[in-house]
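I opened this notebook to record what I looked up in the structure. The entries follow the order in which I worked.

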Amino acid sequence: MSLKYVVINDGKLVIERWAGAVGHAELLAHERRKLQDESIAPGARVLTDAQAATLPETTLDRVHEIAEIYGDSGNRTRISASAAIFGSADFEKGKVWEAEVRKHGVNAIVFNNLEVACIWLGIDLKETQELLDHIDT
């Protein structure tokens, strides 16, 4: 599994890529770390490219556990908007996540296309693709 991200624009934008089989505990730990990362500015926007990931341990009835992290009062980072791109195998889980994190004040939408996600977040597609291409190096 690989859960990696870069923080740009003075902490106002996070670009992340998930790849491989991601365990549920690993995903929970990653989200907790991200929401405590001091390099991420409060109110940041996040783009998550999870197209190359599978979430075999995160069942539909466990998605709420991920979303609940966003409601933790101890979070340093308060994400304002989040665009996530999921592959077809986990798209339904992504839609459940979208509804659950919205309960915690995050404007979230799940997409199946990077270009549309970038337009929605108001970020440059080419720059985002370059960051995603180099995130593992």
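I took contact to mean heavy atoms within 4.5 Å. With that cut-off, and not counting residues up to four places away in sequence, I found that Arg-17 touches Ser-2, Leu-3, Lys-4, Asp-49, Gln-129, Leu-132, Asp-133, Ile-135 and Asp-136.

**Ground rules**

I note that this is a predicted model, in which local features need pLDDT of at least 70, side-chain atom pairs count only at pLDDT 80 or more, and totals for chains, interfaces and linings use all residues. Residues are numbered from 1 along each chain as its sequence is written, and side-chain values use heavy atoms, with hydrogens and water left out.

**Entry 1: Arg-17**

I located Arg-17 in strand β2; strands (E, at least two residues) and helices (H or I, at least four) are DSSP runs, numbered from the N terminus. Is Arg-17 buried or exposed? Arg-17 has a relative accessible area of 16% and is therefore buried, since buried means under 20%, exposed over 50% and partly exposed in between, with a 1.4 Å probe and protein chains only.

I then checked its polar contacts, meaning pairs of N or O atoms within 3.5 Å; within protein, one atom must be able to donate a hydrogen and the other to accept it, and residues adjacent in sequence count only if both atoms are side-chain atoms. The Arg-17 side chain reaches the backbone oxygen of Leu-132 at 2.9 Å.

**Entry 2: the sheet**

I traced an open sheet of five strands, in the order β1-β2-β3-β4-β5, with mixed pairing. Two strands pair if DSSP finds at least two bridges between them. Because β1 (2–8) and β5 (107–111) stand at the edges with a single partner strand each, one side of each has no neighbour in the sheet. From one strand to the next, the twist averages 15°.

- β2 (residues 13–21) and β3 are parallel and share eight bridges; Leu-13 stands opposite Arg-45 in β3.
- β3 and β4 are parallel and are joined by six bridges; Asp-49 stands opposite Ile-85 in β4.
- β4 (residues 81–86) and β5 are parallel and are joined by five bridges; Ala-83 has Ile-109 in β5 as its bridge partner.

I kept one general point at hand: in a regular strand the side chains alternate between the two faces of the sheet.

**Entry 3: the helices**

I looked at the crossovers, which count as right-handed if, with the strands pointing away from the viewer, the path from the first strand over the helix to the second runs clockwise. A right-handed β-α-β unit is made by β2, helix α1 (residues 24–36) and β3. Another right-handed β-α-β unit consists of β3, helix α2 (residues 63–70) and β4.

For directions, axes are lines fitted to C-alpha atoms, for helices over the stretch in contact, and angles run from 0 to 180 degrees between N-to-C directions. Helix α3 (residues 91–102) lies across β4 and β5 and runs at about 170° to β5. Helix α4 (residues 114–121) packs on the sheet, where it touches β3 (45–54), β4 and β5, and its direction makes about 175° with that of β4.

**Entry 4: the nonpolar cores**

I defined a nonpolar core as a set of buried Ala, Val, Leu, Ile, Met, Phe, Trp, Tyr and Cys residues joined through side-chain atoms within 4.5 Å. Which residues have the most contacts inside the largest core? They are Trp-18, Tyr-70, Ile-79, Phe-86, Trp-97 and Val-101, in a core of 26 residues. At least two residues of this core come from each of β2, α1, β3, α2, β4, α3 and β5. Helix α2 gives the largest share, five residues. Apart from this core lies another, of 14 residues, including Leu-47, Ala-81, Ala-83 and Cys-118.

I listed the neighbours of Phe-86, not counting residues up to four places away in sequence: Trp-18, Ala-50, Gln-51, Leu-55, Phe-91, Gly-94, Val-110, Phe-111 and Asn-112.

**Entry 5: Leu-28**

I found Leu-28 in helix α1, buried at a relative accessible area of 11%. With residues up to four places away in sequence left out, Leu-28 touches Glu-65, Ile-66 and Ile-69.

**Entry 6: the loop between β1 and β2**

I noted that Asn-9 lies in this loop and has a positive phi of about 55° although it is not a glycine. Asp-10 lies in the loop between β1 and β2, and its phi is near 55°, a positive value in a residue other than glycine. Asn-9 is partly exposed at 43% relative accessibility, whereas Asp-10 is exposed at 72%.
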